Amino acid sequence: MNSGERRLRPRKQPRQVRAELTRQRILTAAARVFTEHGYAAGTTNRIAERARISIGSLYQYFPNKDAILVELLTRHLDDGLRNTRERLPEPLPDSVEDTIRLFVRAAIDNHLDDPKLLRIMIEEAPRSQALLDKIARVERFHITYARDLIEQHPAVRVADPHTAARLVVSTVELVVHRLIAAADPIDIPSFENELVAMLTRYLTAG
């Protein structure tokens, strides 16, 4: 691991409940500080003050604010993947539209908690190799799920299921990221309906 990778990794992996609670306090405080002050002004001193710990204690867990933001983004990815798995029932709904809606709604819900923090994570979080690998794993899961749907559902009519799956996943990820995190709020029910309709027409038009 090179120095660039090390500076983006947490320093201390808690093995006791008290240490894990301190780590959670740091992450919660950082999310609030970044949202209120922006990333540039969201210093480690402000984070430590919000978490009510000393700056020395903060540095026992994270070497800098970049590592904190990377950890927040990593948790966002983990939560999103878990939520998607929980939302997709077996067997899937009979209609393509209902199945796509489950997928789209899971993506939207995963981005509603703090849109401003989401925008900061997307635009400013450094990309370590470990983070890039995690992003790739999450994307592969979604593409595999979408491809299985496309290959198995009789109402889907596309020439290349794998390419279609990548298009669907990329469209959902990019559009949801872009519009949910936008400074100008979008009407969520209308956004969901339009995105579901667009993807359903693409998959079933033939």
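Mentor: Thr99, Ile100, Phe103, Tyr145, Ala146, Leu149, Ile150, Val168 and Leu203 line the largest cavity. A cavity is a set of points, on a 1 Å grid over the protein atoms alone, where a 1.4 Å probe fits but cannot get out; lining residues have an atom within 4 Å of a point. The model is predicted, so local features need pLDDT of at least 70 and side-chain atom pairs pLDDT 80 or more, while totals for chains, interfaces and linings use all residues. Residues are numbered from 1 along each chain as its sequence is written, and side-chain values use heavy atoms, without hydrogens and water.

The count is 1 cavity of 30 Å³ or more. The largest holds about 50 Å³. Volume here is the space filled by probe spheres set on the grid points, which are joined across faces, edges and corners. Its lining has 8 nonpolar residues, 1 polar and no charged. Nonpolar covers Ala, Val, Leu, Ile, Met, Phe, Trp, Tyr, Cys and Pro; charged covers Asp, Glu, Lys and Arg; the others, Gly among them, are polar.

Now the helices. Helix H6 (96–109) and helix H8 (129–152) each give at least two lining residues. H8 gives the most, 4 residues. Helices are DSSP runs (H or I, at least four residues), numbered from the N terminus.

Look at H6. Its 14 residues reach 20 Å from first C-alpha to last, close to the 20 Å expected. That expectation is 1.5 Å times one less than the number of residues. Buried residues in H6 include Thr99, Ile100 and Phe103. Buried means under 20% relative accessible area (1.4 Å probe, protein chains only). The cover over the buried residues of H6 includes helix H5 (65–87), H8, helix H9 (161–180) and helix H10 (188–204).

Leucine 88 sits between H5 and H6. Leucine 88 counts as buried because its relative accessible area is 12%. Beyond its neighbours within four places in sequence, leucine 88 is in contact (heavy atoms within 4.5 Å) with Leu102, Phe103 and Tyr145. Phe103 and Tyr145 are among the cavity's lining residues. Threonine 99 is 11 residues from leucine 88 in sequence, and their C-alpha atoms are 8.2 Å apart.

Notes: 1 Å grid on protein atoms, 1.4 Å probe; cavity = no way out; pocket = protein on both sides within 12 Å on 5 of 7 lines; lining within 4 Å. Buried < 20%, exposed > 50% of the residue type's maximum accessible area, 1.4 Å probe, protein only.
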